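Here are some notes to read beside the model.

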Amino acid sequence: MTNELELYFHIPFCLKKCKYCDFLSFGVDSLQMGGKTMARYLDSLIRETVMRAGDYRDYRVVSVFVGGGTPSVVRPEFLAELMAAVREHYQLAEDVEITIEVNPGTVDERALRCYRQAGINRLSIGLQSADNGELAALGRVHTYGQFLGAYYAARRCGFSNVNVDIMSALPGQTLEGYLDTLGKVLALEPQPEHISAYSLILEEGTLLWEQAKRGELDLPDEDTDREMYDAAKRVLEGAGYVRYEISNYARPGYECRHNCGYWRRRDYTGFGIGAASLIDNVRFQNGEDLRAYLVNPTGCQCDRQVLSVSEQMEEFMFLGLRMTAGVSAKEFAACFGKEPEQVYGEVIQKNIGDGLLKWMGGLSGNPADRRLALTEKGLDLANYVMAQFLF
């Protein structure tokens, strides 16, 4: 039986870095060689893709994700070349999901048509807010009007699987403002198939973190942050979206296959600087040195870790619990030869008693396939619950 595999491609370039971003990315204006560096990187990315293909002859690719950074900042013709290399050198499932992240300020209809012709069938558009003032506070390079232009251009180009990212707890944001963003996203025709609703996290070293440290940010208080979180659940579920993961909502059948595979520990491999991989319970990743990658894109892997059985069990639990469907006791036993209670009995019982975890039937309604899942209260305290499954 052919193993399933996911591919991730990291494009680390942006017009400029957003104020909240701590991802491995570079503003184009910060690169000494600008466009030449980008071109060399893209050539190296295709070289790595082709040269590593032999490692995955026995795998069938079920999803491809092009992320960043801002993939839409590079020439769309390059992405077509990358997809051609993937199709030539890897075995793709007939219904493979191929996603690209785009910024409304760096994509136009010509690029979107090029993506579709290259076989990309899913878009993830970073809106974040429908308020131009909030977008400016985040350092975004687009306006709400540009988002609308990109969204409807995508529909004209034939994209029928579109995600929209939105964020809450932004500087200067009120509950009414967040509800306005939710309402404008739901007013799109047709509505997005998928919506990711994240709360802003201030990461150390980012511009927003520095501003907060100096007391320069007007952030919503905890109560307002909580009201926004509750509003997202209420409004999106009321509009027919299913919350299938802590921060993700989808129409039935449009759950992001790539992310679900990550949370279920499906094998995946990453290409480009900093890209991580998990293959047969071995984790490794490419180094973050751009110059080294340009010289030798297949010779910069680092941090190789063979996961112990206990580490595999930890990941099975704390990644799987992100999904509202929970983790399968049957699958756990098949992987590790033990029932979850034999390993985590005390933790499970404690959190069930606290109203944070629950047992429920399987996805097919089969009671024999028990699934352990977070309750509504548990979803609100997910980090606290999941941390208890670490040895």
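1. Start with a charged cluster. Arg226, Asp230, Lys233, Glu376 and Asp380 are linked in a network of salt bridges. A salt bridge here is a side-chain nitrogen of Lys or Arg within 4 Å of a carboxyl oxygen of Asp or Glu. Side chains of opposite charge can pair when their charged atoms come close. Searching the whole structure gives 25 salt bridges.

2. A word on the source. This is a predicted model, in which local features need pLDDT of at least 70, side-chain atom pairs count only at pLDDT 80 or more, and totals for chains, interfaces and linings use all residues. Residues are numbered from 1 along each chain as its sequence is written, and side-chain values use heavy atoms, with hydrogens and water left out.

3. Next, a pair between strands. Arginine 60 and glutamate 4 form a salt bridge through their side chains, at 3.2 Å from N to O. The pair links distant parts of the chain: arginine 60 is in strand 4 (residues 59-68), glutamate 4 is in strand 1 (residues 3-11), and they are 56 residues apart. Helices (H or I, at least four residues) and strands (E, at least two) are DSSP runs, numbered from the N terminus. Arginine 60 is partly exposed, at 27% relative accessibility. Glutamate 4 is also partly exposed, at 34%. On this scale, buried means under 20% relative accessible area, exposed means over 50%, and partly exposed lies in between (1.4 Å probe, protein chains only).

4. Now a pair between helices. Glutamate 77 forms a salt bridge with arginine 110, and their closest N and O atoms are 2.6 Å apart. Glutamate 77 lies in helix 2 (residues 76-89) and arginine 110 in helix 3 (residues 109-117), so the pair ties together parts that are 33 residues apart in sequence. Glutamate 77 is partly exposed, with a relative accessible area of 29%.

5. One more salt bridge joins the side chains of arginine 214 and glutamate 216 (2.9 Å, N to O). Glutamate 216 counts as partly exposed, at 46% relative accessibility.

6. Which loop holds threonine 206? It is the one between strand 8 (194-199) and helix 7. Threonine 206 is buried, with a relative accessible area of 4%. Beyond its neighbours within four places in sequence, threonine 206 is in contact (heavy atoms within 4.5 Å) with Lys19, Tyr20, Cys21 and Asp22.

7. Tyrosine 384 belongs to helix 15 (residues 382-387). Tyrosine 384 is partly exposed, at 45% relative accessibility. Leaving out residues up to four places away in sequence, tyrosine 384 touches Lys350, Asn351 and Leu356.

8. Check two cis peptide bonds. One joins glycine 68 and glycine 69, with omega about 20°. Glycine 69 sits in the loop between strand 4 and helix 2. The other cis bond joins glutamate 189 and proline 190, with omega about -5°. Proline 190 is in the loop between helix 6 (175-186) and strand 8.

9. Look also at positive phi values. Asparagine 281, a residue other than glycine, has phi near 65°. Asparagine 281 is in the loop between strand 12 (276-279) and strand 13 (282-286), and is partly exposed at 24% relative accessible area. Aspartate 303 has a positive phi near 55°. Aspartate 303 is found in strand 14 (residues 301-306), and is exposed, with a relative accessible area of 57%.
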